[in-house]
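Colleague: I am new to this structure. Can you show me how to read it, starting with the strands?
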Amino acid sequence: MKTQKKSICQLVWMVGAWFACTSVFADTQRMGNTFIPADDAHIVYMGRISHRIPKAVTFTYPGVSIFANFEGTSLRMKAKPGSGDFMVEIDNQLPYRIGFTKNDSVLTLAEGLPEGVHRARIMYILEGFEMKPVFEGFYVDKGCELAEAPILPERRIEFIGNSITCGYGVESDNQNEHFTYDTENHFYTYAALTARALKAQHLVVARSGIGIYRNVGEPVSGSENCLPAMYGQVMFTDPTELWDHSLYTPDVVCINLGTNDAGDGKSDFRLLTDGYRKFVSHLRDIYPKAKIVLLSGSMLNGKPLEDVKRAMDTVVAERKQEGDTEVYRFDMSPQTGSLGYGADWHPSMRQQQKMANELTAYLKTLMDW
């Protein structure tokens, strides 16, 4: 019954998105601009995306990014109403946040630009598994078009994590506030900041509350839908479409899990260690040449932190004994409150920057970047 309900929901979503796409001609006529669909070869993507909907792209993970160079003086973006929030960068101007509510299908990203070619970089900043965002394309000035496709950096990082990597509560300055999408923003996380500092692409597989073997508040014996179980999917919660790992081969994979497994002090150390062991082995099968870094930080302390560190150290030592010398460990500083807290005691924006400073320096040395 659950499977049937899920299939119906997916069908409704796809049909709705299809009807949205069919309105492109009417929108173009009304706005007097030229429409460029999302499947245009001049648009470049970073992150896990799906092409199931014709001329559109769908995604759920934070950090998915859209890059384009465009002619003219303005740029508008079309998406499914209710798709959620993005950070936008036009040329070298300050980044800003936009949101597609249930009443929005087209938002203006820029107007009054000087004539010529401009750059647009747009990042999805939320966990989109509830919203199921759909990007449908751009509007440029009448008679204009997209310019040559952007070239992304050669360096590639993959970040695997939980709410810390997603950016849960990072725009809040009150630890007593609870989660809202308004204060979540992946753009300000250690992952996104590190990638920008190192001039690298980054792909994110992360979800709040998820663990390496046990999700937050779930039985000590483990969770069936922990992150390793979801890792192969293009979009979180959708097992019907699997990701083609050959589309993105990272130079280094950074895994920041364990907070939800051990944070309440109830984890099973043997299962925790085995969770890391199996997942690292799986990643090594997928990425034979990538460096793999097991991270801690920044929400754990005391015995839970020691347990997570010991589990990771155990796996790194085992891999080394087996001849795999490219699995590493790095600890970002635990938060103390000196830099404030985000919602529900999550890292503040300043704490995320500190984490990024530490990880950037480490990866720069590790990768000789």
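Modeller: Start with one pairing. This is a predicted model. In strand 15, Val 252 is the bridge partner of Ile 157.

Colleague: How many bridges join strand 11 to strand 15?

Modeller: First the general idea. Strands of a sheet pair through backbone hydrogen bonds, either parallel or antiparallel. Here, strand 11 (residues 156-161) and strand 15 (residues 252-256) run parallel, joined by five bridges.

Colleague: What is the order of the strands in the open sheet?

Modeller: Five strands, paired in parallel, in the order 12-11-15-16-17. Strand 12 (201-206) and strand 17 (327-331) are the edge strands, each pairing on one side only. From one strand to the next, the twist averages 20°.

Colleague: Which strands does helix 4 touch?

Modeller: Helix 4 (residues 190-197) packs on the sheet and touches strand 11, strand 12, strand 15 and strand 16 (291-296). Its direction makes about 170° with that of strand 11. Helix 7 (residues 269-286) lies across strand 11, strand 15, strand 16 and strand 17. Helix 7 runs at about 150° to strand 16.

Colleague: Now the charged pairs. Which residue forms a salt bridge with Asp 264?

Modeller: Side chains of opposite charge can pair when their charged atoms come close. Asp 264 pairs with Arg 214, with the closest N and O atoms 2.7 Å apart. Asp 264 lies in the loop between helix 6 (259-262) and helix 7, and Arg 214 in the loop between strand 12 and helix 5 (227-230), so the pair ties together parts 50 residues apart in sequence.

Colleague: Is Arg 214 buried or exposed?

Modeller: Buried, at 2% relative accessibility. Asp 264 is partly exposed, at 39%.

Notes. Residues are numbered from 1 along each chain as its sequence is written. This is a predicted model: local features need pLDDT of at least 70, side-chain atom pairs count only at pLDDT 80 or more; totals for chains, interfaces and linings use all residues. Side-chain values use heavy atoms; hydrogens and water are left out. Two strands pair if DSSP finds at least two bridges between them. Helices (H or I, at least four residues) and strands (E, at least two) are DSSP runs, numbered from the N terminus. Axes are lines fitted to C-alpha atoms, for helices over the stretch in contact, and angles run from 0 to 180 degrees between N-to-C directions. Contact means heavy atoms within 4.5 Å. A salt bridge is a side-chain nitrogen of Lys or Arg within 4 Å of a carboxyl oxygen of Asp or Glu. Buried means under 20% relative accessible area, exposed over 50%, partly exposed in between (1.4 Å probe, protein chains only).
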